[in-house]
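Colleague: I would like to learn how to read a protein model feature by feature. Could we go through one together?

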Amino acid sequence: MGESNIKDILLEEQDGRIYITIPANKEIGYSEVTRLVKSLDAQDVDYASLKRAYTAARGESVRIGSMGGAASFPKREISRVEVEISADGRDAYITLKADKGGKPFTYREIMQSLKSRGVIRGYITENIKKAAAKPSTERVKAAEWLPPINGMDAELTYHFPEYRDLLPFLLEAGRETPFEKINFIQRVKEGDLIISKAPVVRGVPGCKVTGEKVLFQEGRDVVLEANEHLTVSPDGTMAFAARDGQVVIDKEGKVAIRPLLVLNKTSSDKEIKFNGSILIEGDLGYCPGIIASGDVQINGGNQNVPIRAENVLVRGPFLMYGKNKGFASKDLACANTNSTHIVARSIYVDKNANHAILEAEEEVHTNASEGMAIGGEIQAGRRVVVGELGNKKETETLVKVATGEIQRKYNDIRKEKAEKRLEKLKEKLEAMQEDYLKLDKERMALEGKKIPPGLEEKVRSAKEKKESFQAEINSLKTELVRCKSFKPDINLGEVVCQKVYPGVRLEMGESVREIKVPIESSVRFLKRAVGIVTEMKEMAEKKEKKE
């Protein structure tokens, strides 16, 4: 702040009163302003008004006192341009005041008025020139702010399908890929690119009409961390498989490389058990059974080998006899099945399900245009989608969707699982709590001293694990409350199909419907409090009358 800035302060006189104008865009100390005013031969100086002129009313002419003895100041000119700045500093407006002399307004005069009020950015030149050329008493927008451009978050690209479950994957991939060529198990080798990262894009600050900067929102970064599953490039923009296996998204939403057992020949006298996923290249030969903690994909067929896994994909036929079952804790899919009992969260049969028992907590699907369900029984907690239900021979086919019995059955299963999981987690949490407290005590004992490398990281990791387990425990407790207060939903249930033949019996909620005549157009049955959709009933009655 130099003397030149003090000289930029304008002191004027009008009718014996003193007015001061402090430039908005000049750095002037308030103490310098008060010294200047005290040096004047003035009376009744109002220091509150002087403070306002220095702060809120920069660029405005403000009365601060009365004329004293011999002091003289330039005569104050009444501005013909009224400038208004919005409270947030984003916009500035002008209102032109007509005078008796009819002196024309000029672009320069308007600009000077704007600058004197501290408007130094974002001029709308076109509006100002129009206002000068054709004056009116209407308020005109003369300047506007430049809004900030927020930064862009770092963006991750996953170089594999991100599906955690088989059914959504099939419904998407099946649009372009034949069922017999679909790969749900995404096999990777050590060094394969798994994730790439586009870095954060920095934002650009904005600017108010007074020149004040407006901060932008920083983009959020995502750190690719190396672990037992991934290695990371030195610049942190690429992650690679740390080992061979199946790439998956785990329960916590993180990328993991799951152990993968690949078999070409599967005939065995012993049950195959594997802590990971299993890929079988070809038909599944004889063995007492397969149990995998991960997924199972068979690139051929399966005949009478019971399977238990998360997701199960059988590209060929899935045939089970006697008491043997196919079981998936998530989803199970096969090309076709005959006289087979399948239990899963959701089931997909690409072609035909003949005389099969299909039990699904959520949905049962076949190929929507070609798949057929003939004979046997379908049980689904929510939805059934098939090409055709039944056949021309009127084979008895039972379809149960969201009946009270089914809803209560799966509620009991969820409750039992939640209780078992809760007990295990509580035991683990106690051990974790002890580990964390021990590490934290060790760290606190070293406060002010050199902490051994890795101790802080161990404490942080232990704390994160403890908090993660606690969050899951709270979620399970909430789930148990829901299970204990469970009541069947009378509006739940849907069947979608292209054709329905006589011999099919639909049970939805507490409603039962026997199909008496073929319905050969695309139909959709919904459960409602009053029963199955009225339009479907009318369609069947019309067909009965014709016959």
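Colleague: How many salt bridges does a search of the whole structure find?

Modeller: Bear in mind that this is a predicted model. As a general idea, side chains of opposite charge can pair when their charged atoms come close. Here the search of the whole structure gives 26 salt bridges. One of them pairs Arg139 with Glu84, whose closest N and O atoms are 3.1 Å apart. This pair links distant parts of the chain, 55 residues apart. Arg139 lies in the loop between helix H5 and strand E7, while Glu84 belongs to strand E5.

Colleague: Are Arg139 and Glu84 buried, partly exposed or exposed?

Modeller: The middle class runs between 20% and 50% relative accessible area. Arg139 has 47%, so it is partly exposed. Glu84 has 36%, so it is partly exposed too.

Colleague: Which residue forms a salt bridge with Asp153?

Modeller: That is Arg220, with 3.2 Å between the closest N and O atoms. This pair also links distant parts of the chain, 67 residues apart. Asp153 sits in the loop between E7 and strand E8, and Arg220 in the loop between strands E12 and E13. Asp153 is partly exposed at 36%, whereas Arg220, at 60%, counts as exposed.

Colleague: What is the distance between the closest N and O atoms of Glu405 and Lys400?

Modeller: They are 3.9 Å apart, and the pair forms a salt bridge. Glu405 counts as exposed because its relative accessibility is 55%. Lys400 counts as buried because its relative accessibility is 15%.

Colleague: Which residues are linked in a network of salt bridges?

Modeller: Asp165, Arg258, Asp295, Glu310, Lys330, Asp331 and Arg345 are linked in this way.

Colleague: Now the nonpolar side chains. Which residues touch the most other members of the largest nonpolar core?

Modeller: In soluble globular proteins, nonpolar side chains tend to be buried together. In this model the largest nonpolar core has 44 residues, and Ile290, Leu358, Val384 and Leu389 touch the most other members. Strand E26, residues 341-349, gives the most to this core, with four residues. Leaving aside residues up to four places away in sequence, Leu358 touches several residues, including Ile342, Ile347 and Val349. Its contacts also include Glu377 and Gln379.

Colleague: How many helices and strands are there in the secondary structure?

Modeller: There are nine helices and 37 strands. Take strand E34, residues 504-508, as a case: four of its five residues are buried, so the strand is largely enclosed by the rest of the structure. Five bridges join E34 to strand E32, and the two run parallel.

Colleague: How many disulfides does the structure hold?

Modeller: A disulfide is a covalent bond between the sulfur atoms of two cysteines. The count here is zero. As for individual cysteines, Cys287 is buried, with a relative accessible area of 1%, and Cys334 counts as buried at 0%.

Colleague: What share of the protein is made up of buried residues?

Modeller: Buried residues make up 44% of the 547 residues. The accessible surface comes to about 31000 Å², and 49% of that belongs to carbon and sulfur atoms. For contacts between residues at least 6 apart in sequence, 45% join residues at least 24 apart.

Key:
Residues are numbered from 1 along each chain as its sequence is written. This is a predicted model: local features need pLDDT of at least 70, side-chain atom pairs count only at pLDDT 80 or more; totals for chains, interfaces and linings use all residues. Side-chain values use heavy atoms; hydrogens and water are left out. A nonpolar core is a set of buried Ala, Val, Leu, Ile, Met, Phe, Trp, Tyr and Cys residues joined through side-chain atoms within 4.5 Å. Buried means under 20% relative accessible area, exposed over 50%, partly exposed in between (1.4 Å probe, protein chains only). Contact means heavy atoms within 4.5 Å. A salt bridge is a side-chain nitrogen of Lys or Arg within 4 Å of a carboxyl oxygen of Asp or Glu. Two strands pair if DSSP finds at least two bridges between them. Accessible areas come from the Shrake-Rupley method with a 1.4 Å probe; for residues, only the protein chains shown count as cover. A disulfide is a pair of cysteine sulfur atoms within 2.5 Å.
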